[in-house]
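Here is a briefing for a reader new to this structure. Please look at the sequence and the model first.

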Amino acid sequence: MKCPICGGELKKMVEKSNLKGFGVLTEFYRCVSCEEELMTEDQFRKGMDKIIELKAKILVSSVEGDYIKLPKELAKRFKGKSIELIPGEDRIVVISK
Ligand SMILES: [Zn+2]
């Protein structure tokens, strides 16, 4: 892969970067000559998956009373589907039906 700006060599990097307000380890390409950074769709998706994991951790602290607020990304995934919550010893399993 070549840099779309200067045609220089792109180097694969793994760094903690800020993605949508979350500091997650993400993989991306950085140009060795002009330092332009870019992400492939696949790299972006992996980063987003990590955010969903982080949000899932936040979810635990936002349990109030008898309902659980789903993070937006999970809500989008389960939109229109019935889900079942199965409480385990140290986890709650969400099953979509
Ligand atoms: Zn470049």
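The points below go from the whole chain to single residues.

This is a predicted model: local features need pLDDT of at least 70, side-chain atom pairs count only at pLDDT 80 or more, and totals for chains, interfaces and linings use all residues. Residues are numbered from 1 along each chain as its sequence is written. The protein has two helices and five strands. Helices (H or I, at least four residues) and strands (E, at least two) are DSSP runs, numbered from the N terminus.

**Overall layout**

- Along the sequence, the elements come in the pattern β-β-β-α-α-β-β.
- The protein has 97 residues, and 3% of them count as buried. A residue is buried if 20 or more other C-beta atoms lie within 10 Å of its own, exposed if 12 or fewer, and partly exposed in between; C-beta atoms are placed from the backbone.
- Take the contacts between residues at least 6 apart in sequence: 26% of them join residues at least 24 apart. Two residues are in contact if their C-beta atoms, placed from the backbone, lie within 7 Å.

**Confidence**

- The mean pLDDT of the protein is 79. This score is the predictor's confidence in each residue, from 0 to 100.
- A value of 70 or more is reached by 84% of the residues.
- Among the elements, β3 has the highest mean pLDDT, at 92. Strand β5 (residues 92–96) has the lowest, at 73.
- Where pLDDT is low, the predicted coordinates should not be read in detail.

- Strands β2 and β3 run antiparallel and are joined by two bridges. Two strands pair if DSSP finds at least two bridges between them.
- One of the paired positions is Tyr 29, whose bridge partner in β3 is Leu 38.
- Glu 35 is found in the loop between β2 (22–31) and β3 (37–38).
- Glu 35 has a positive phi of about 65 degrees, although it is not a glycine. Most residues other than glycine have a negative phi.
- Why does Glu 35 count as exposed? Because it has 11 other C-beta atoms within 10 Å.

**The segment before β1**

- Ile 5 lies in the segment before β1 (10–19).
- Ile 5 is exposed, because 12 other C-beta atoms lie within 10 Å.
- Leaving aside neighbours within four places in sequence, Ile 5 is in contact with Cys 31, Cys 34 and Glu 36.
- The C-alpha atoms of Ile 5 and Glu 35 are separated by 9.8 Å. These two residues are 30 apart along the chain.

**From β3 to the helices**

- Thr 40 sits in the loop between β3 and α1 (41–61).
- Thr 40 counts as exposed, because it has 12 C-beta neighbours inside 10 Å.
- Thr 40 and Glu 27 are 13 residues apart along the chain, and their C-alpha atoms are separated by 9.0 Å.
- Leu 74 belongs to helix α2 (residues 72–78).
- Leu 74 is partly exposed, because it has 16 other C-beta atoms within 10 Å.
- How far apart are the C-alpha atoms of Leu 74 and Ile 52? They are separated by 7.5 Å, with the two residues 22 apart along the chain.

**The hairpin of β4 and β5**

- Strand β4 (residues 83–87) and β5 run antiparallel, with five bridges joining them.
- The two strands form a hairpin with four residues between them.
- Ile 83 has Ser 96 in β5 as its bridge partner. Pro 87 stands opposite Ile 92 in β5.
- Does β4 lie buried or largely in the open? Of its five residues, the number buried is zero, so β4 lies largely in the open.
- Strand β5 also has five residues, and the number buried is zero, so β5 lies largely in the open.

**Ile 92 in β5**

- Ile 92 is found in strand β5.
- Ile 92 is exposed, because 12 other C-beta atoms lie within 10 Å.
- Not counting residues up to four places away in sequence, Ile 92 touches Leu 85, Ile 86 and Pro 87.
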